[in-house]
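Here's a quick tour of a single chain and the ligand that goes with it.

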Amino acid sequence: MNWTPEPDTWRQQYDETGYLVVENAVEPGLLQQMREALERIECAVAEDTLSPNLRRWISLERDRAKWVQDVQSDSNAISNIMELPLFGAVFQQLIVYPRVLDILEALFQSTEFAFHNYKCICKMPGGNAAFQWHRDLPYLQHTSPNLLTCMLCIDPMTAENGATVVCPGSHRIPHDEVKDSDTDMPASQVPENRVTVTCPAGSAVVFHVNLIHGGPPNQTQSKRRNVIGIWSGPDAYPTNPHRYVYQGVMPRSTDPIRQKQIQMTFGE
Ligand SMILES: O=C(O)CCC(=O)C(=O)O
């Protein structure tokens with residue numbers, strides 16, 4: 001499938017609403033490899049064959065139920081896989097995947113953006129993994145809000161399977177007005193202008209980390225999985241002690257030392 005970057009159109013759409021959907025952002029072959037890798041992780045969890053070093057990054061529905069208000073579940077379905085690049089080469093190479101980098105470069109309007117982390121949010125059949133309304137920024141703790149969330153849809157997103165719901169324009173808030181409690185916002189505080197983002201598998205859904213979003217549970221018998229990346233812009237540095245694997249690499253940087261780092265790390 002041909003890929004024609006449309007930086008001006010992307011930027012314009014993103015500027016208007018704080019989010020952007022780009023179909024075919026992941027080629028079918030790569031999508032298939034990611035699905036297979038995720039299936040292998042699922043099997044290994046079910047068979048309890050993952051090493052503890054990897055197993056520690058996986059939460060099940062029943063784990064999630066312990067820390068999310070009003071969610072009850074005893075399901076052993078996977079809910080979240082953190083530190084995805086540790087789980088296979090396909091997820092490491094996703095850090096330097098050109099189509100995604102084209103979109104990020106257009107939205108940051110810079111080559112000097114950095115990788116933060118990749119995780120996979122799974123809404124499995126029978127699960128009740130609704131996502132409360134929230135902004136991503138308070139989780140991230142950076143010097144500026146110039147960060148993007150880039151969700152890569154492994155499966156189609158539909159209203160029935162728990163597609164992410166966004167509030168267009170809600171990202172326009174001064175940095176110092178974003179509250180720690182914005183990680184869990186009561187529906188009464190959320191603007192009525194809400195859009196359910198439906199799109200085919202292989203789409204990228206990219207949004208500003210201050211965009212209010214959430215999502216209902218999956219009510220179908222099919223899986224709904226998103227590989228979610230966070231990326232930081234040139235003026236956004238972390239202010240907490242946590243670091244993810246590969247955090248800080250800059251796959252589009254024009255700095256020769258950064259390019260050498262990418263080449264030595266990912267062989268590009
Ligand atoms: O997967 C989704 O629909 C939303 C996930 C999300 O909001 C998050 O990980 O912050």
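Before we get to bridge partners, one definition: two strands count as paired if DSSP finds at least two bridges between them. Keep in mind that this is a predicted model. The chain has eight helices and eleven strands, and 36% of its 268 residues count as buried.

**Overall shape**

- The radius of gyration is 18 Å, and a compact globule with 268 residues would come in near 18 Å, so the two agree.
- Along the principal axes, the C-alpha trace spans about 50 × 45 × 40 Å.
- Of the contacts with a separation of 6 or more, 85% are between residues 24 or more positions apart.

- How many of the residues of β9 are buried? Five of the five are, so β9 is largely enclosed by the rest of the structure.
- Side chains in a regular strand alternate between the two faces of the sheet.
- In β9, A204, V206 and H208 point one way while V205 and F207 point the other way, and all are buried.
- β1 pairs with β9 in the antiparallel sense over four bridges, with L20 standing opposite V206.
- β6 and β9 also run antiparallel, joined by five bridges; here C150 has V206 as its bridge partner in β9.
- That puts V206 in two pairings, opposite L20 and as the partner of C150.

**The nonpolar core**

- As a rule, nonpolar side chains tend to be buried together in soluble globular proteins.
- The largest nonpolar core here has 60 residues, and I103, A204 and V206 are the ones that touch the most other members.
- Setting aside neighbours within four places in sequence, V206 is in contact with Y19, L20, I103, L107, L148, T149 and C150.

**Helix α6**

- Which residues of helix α6 are buried? Within residues 98-108, they are V100, D102, I103, L104, A106, L107 and F108.
- What do these buried residues pack against? Their packing partners are α1 (7-17) and the strands β1 (19-22), β6 (147-153), β9 (204-208) and β11 (224-232).
- I103 and L107 are among the buried residues of α6, and both turn up in the contact list of V206.
- Just after the helix, Q109 takes a positive phi of about 55 degrees.

**A four-stranded open sheet**

- Strands of a sheet pair through backbone hydrogen bonds, either parallel or antiparallel.
- In this open sheet the order is β5-β10-β7-β8, and the pairing is antiparallel.
- Its edges are β5 (131-134) and β8 (195-196), each of which pairs on one side only.
- Inside the sheet, β7 (residues 165-166) and β10 (residues 213-215) are joined by two bridges in the antiparallel sense, and V165 sits opposite G214 in β10.

**Around the ligand**

- Which residues surround the ligand? The shell is made of I121, F131, D136, T164, H213, G215, N226 and I228.
- β10 and β11 are the elements that give two or more residues to this shell.
- Sorted by class, the shell has three nonpolar, four polar and one charged residues.

**Positive phi in the loops**

- N24, which is not a glycine, has a positive phi of about 60 degrees. It lies in the loop between β1 and α2 (28-46).
- Is N24 exposed, partly exposed or buried? With 16 other C-beta atoms within 10 Å, N24 is partly exposed.
- Q141 is another residue other than glycine with a positive phi, near 55 degrees. Its place is the loop between α7 (137-140) and β6.
- Q141 has 12 other C-beta atoms within 10 Å, so it counts as exposed.

**R258 in helix α8**

- R258 belongs to helix α8 (residues 256-266).
- It has 18 other C-beta atoms within 10 Å, so R258 is partly exposed.
- Beyond its neighbours within four places in sequence, R258 is in contact with M250 and S253.
- How far apart are R258 and E112 in sequence and in space? They are 146 residues apart in sequence and 9.7 Å apart in space, C-alpha to C-alpha.

Methods. Residues are numbered from 1 along each chain as its sequence is written. This is a predicted model: local features need pLDDT of at least 70, side-chain atom pairs count only at pLDDT 80 or more; totals for chains, interfaces and linings use all residues. A residue is buried if 20 or more other C-beta atoms lie within 10 Å of its own, exposed if 12 or fewer, and partly exposed in between; C-beta atoms are placed from the backbone. Two residues are in contact if their C-beta atoms, placed from the backbone, lie within 7 Å. A residue is near a molecule or strand if its C-beta atom, placed from the backbone, lies within 6 Å of it. Ala, Val, Leu, Ile, Met, Phe, Trp, Tyr, Cys and Pro count as nonpolar, Asp, Glu, Lys and Arg as charged, and the others, Gly among them, as polar. A nonpolar core is a set of buried Ala, Val, Leu, Ile, Met, Phe, Trp, Tyr and Cys residues joined through C-beta atoms within 7 Å. The radius of gyration is taken over C-alpha atoms; the globule rule is 2.2 Å times the number of residues to the power 0.38.
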